[in-house]
Amino acid sequence: MERLGLRLPPEALAGAYLLERELQVAERRREEARVAEREITSIERERDRVQAELSATRERLESLRAKLSELGKGDPERGLEEATTRIAARETARQIRTDLKVAHPDLEELRRKISEAEQAGEPWVVDDDALASAASKEEDLSDEIEGLRAQAERLQQEVEHLSRAETVDQIEGETLELRRELEDVARERDRKFVLASIVREADRRFREEHQPEVMRRAGEYLSVITAGRYDRILVREEEDDPPFLLRGPGYPHALPVEEPISTGTREQVYLAVRLAIVDHLDAHHERLPLFIDEAFVNWDRSRWSRGAELLERVSRSRQVFVFTCHEPIVLSLEGRGARILLLEGPS
């Protein structure tokens with residue numbers, strides 16, 4: 001403790017507790033250092049990867065500048081403008097080619113015929129008379145198409161009418177089946193609603209009948225353990241986390257049983273509630289034994305002393321079994337009349 005710069009308490013046991021806490025802090029910091037080292041290694045790998053990507057990007061950038069300078073005859077800015085113009089022209093050409101393919105699915109065949117006509121010396125551009133004849137033929141074909149479309153619509157309407165006429169009974173049957181399913185769902189909904197109401201009412205009655213007495217006794221136990229610092233334990237009605245609240249003379253508001261409240265205090269709250277529940281469950285019946293496993297590791301010395309005194313008082317009316325691997329706790333309980341049973345571990 002002198003090497004750590006700590007003041008040596010008058011009692012050796014208190015010093016042991018203090019050294020154990022310092023050891024836990026040191027182990028936690030060592031683990032944090034290990035995690036930090038792993039993170040540093042990961043960051044260094046990521047840095048190397050980014051540097052490699054940066055080098056590759058710089059090489060591509062230099063290559064691009066060289067190409068732009070060549071395109072702009074020594075001027076990269078002029079080369080960039082020229083490249084932009086060419087890219088836009090290429091995109092325009094692609095769009096025109098796409099539009100032509102949509103308008104003329106046989107575009108490749110037309111290109112082949114045009115090429116053959118040019119090679120044979122035949123003109124492939126039609127004159128005004130040919131255009132007028134084609135326009136007249138197109139108009140006749142359009143009229144024929146409209147007539148066929150109208151006929152197809154009439155036939156489709158007739159088919160739909162006949163289909164509806166043939167399936168009226170089937171639709172009515174499906175409608176009745178759906179209505180029966182809807183009625184079943186409604187009955188199941190009403191049944192579950194009633195069950196939910198019954199459960200809520202039963203829960204409310206149980207809380208009204210049992211919770212006040214249990215929480216009162218739990219508060220008394222906690223007041224003994226904490227020397228009156230906390231003397232009431234409240235239960236939240238809504239489903240929330242944490243379920244318990246603490247009240248004490250020095251606290252104007254209830255404190256939720258969670259951080260920053262210490263782990264030791266939270267364990268003391270749970271033990272007090274447990275003792276109160278056990279008292280309530282076997283009241284006026286044969287006293288059941290109580291088993292406690294490593295519930296005092298995080299308690300400070302003063303509260304542990306009062307907790308041990310409380311266990312001694314409880315042991316007068318019921319058997320209490322305490323499981324622990326911490327020798328100071330064993331010695332303290334032995335000094336209060338506890339019988340020590342050593343359990344051998346696996347060989």
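Mentor: Let's begin with the second largest pocket: helix 1 gives the most to its lining, with eight residues. Keep in mind that this is a predicted model.

Trainee: Okay, which other helices supply at least two residues of that lining?
Mentor: Helix 6 (263–281) and helix 7 each do, along with helix 1.

Trainee: How much space lies in the second largest pocket?
Mentor: About 560 Å³. There are 22 residues lining the second largest pocket, and Arg21, Val297, Asn298, Trp299 and Asp300 are the closest to its centre.

Trainee: And how does the lining of the second largest pocket split by class?
Mentor: Eight residues are nonpolar, seven are polar and seven are charged.

Trainee: Now the largest pocket. What's its volume?
Mentor: About 830 Å³. It is lined by 25 residues, with Val320, Phe321, Val322, Arg339 and Ile340 closest to the centre.

Trainee: Which element gives the most to the lining of the largest pocket?
Mentor: Strand 5, with four residues. Helix 7 (301–314), strand 5 (320–323) and helix 8 (327–334) each supply at least two residues there.

Trainee: What about the classes in the lining of the largest pocket?
Mentor: That lining has 14 nonpolar residues, five polar ones and six charged ones.

Trainee: Switching to charges: how many salt bridges does a search of the whole structure find?
Mentor: It turns up 24 salt bridges. One to click on is Arg301 with Glu11, where the closest N and O atoms are 3.1 Å apart.

Trainee: Where do Arg301 and Glu11 sit in the chain?
Mentor: Arg301 is in helix 7, while Glu11 is in the segment before helix 1. The two are 290 residues apart, so this pair links distant parts of the chain.

Trainee: Last topic, helix packing. At what angle do helix 1 and helix 2 pack?
Mentor: About 85°, and their axes are 7 Å apart. Helix 1 covers residues 12–71 and helix 2 covers residues 76–103. With that angle, helix 1 is roughly perpendicular to helix 2, because anything from 65 to 115 degrees counts that way.

Trainee: Which residues meet between helix 1 and helix 2?
Mentor: From helix 1 you have Leu68, Ser69 and Leu71. Helix 2 brings Pro76, Gly79, Leu80, Glu82, Ala83 and Arg86.

Key. Residues are numbered from 1 along each chain as its sequence is written. This is a predicted model: local features need pLDDT of at least 70, side-chain atom pairs count only at pLDDT 80 or more; totals for chains, interfaces and linings use all residues. Side-chain values use heavy atoms; hydrogens and water are left out. Axes are lines fitted to C-alpha atoms, for helices over the stretch in contact, and angles run from 0 to 180 degrees between N-to-C directions. Angles under 35 degrees count as roughly parallel, over 145 as roughly antiparallel, 65 to 115 as roughly perpendicular and the rest as oblique. Contact means heavy atoms within 4.5 Å. On a 1 Å grid over the protein atoms alone, a cavity is a set of points where a 1.4 Å probe fits but cannot get out, and a pocket is an open set with protein on both sides within 12 Å along at least five of seven lines; lining residues have an atom within 4 Å of a point. Grid points are joined across faces, edges and corners, and a volume is the space filled by probe spheres set on the points. Ala, Val, Leu, Ile, Met, Phe, Trp, Tyr, Cys and Pro count as nonpolar, Asp, Glu, Lys and Arg as charged, and the others, Gly among them, as polar. A salt bridge is a side-chain nitrogen of Lys or Arg within 4 Å of a carboxyl oxygen of Asp or Glu.
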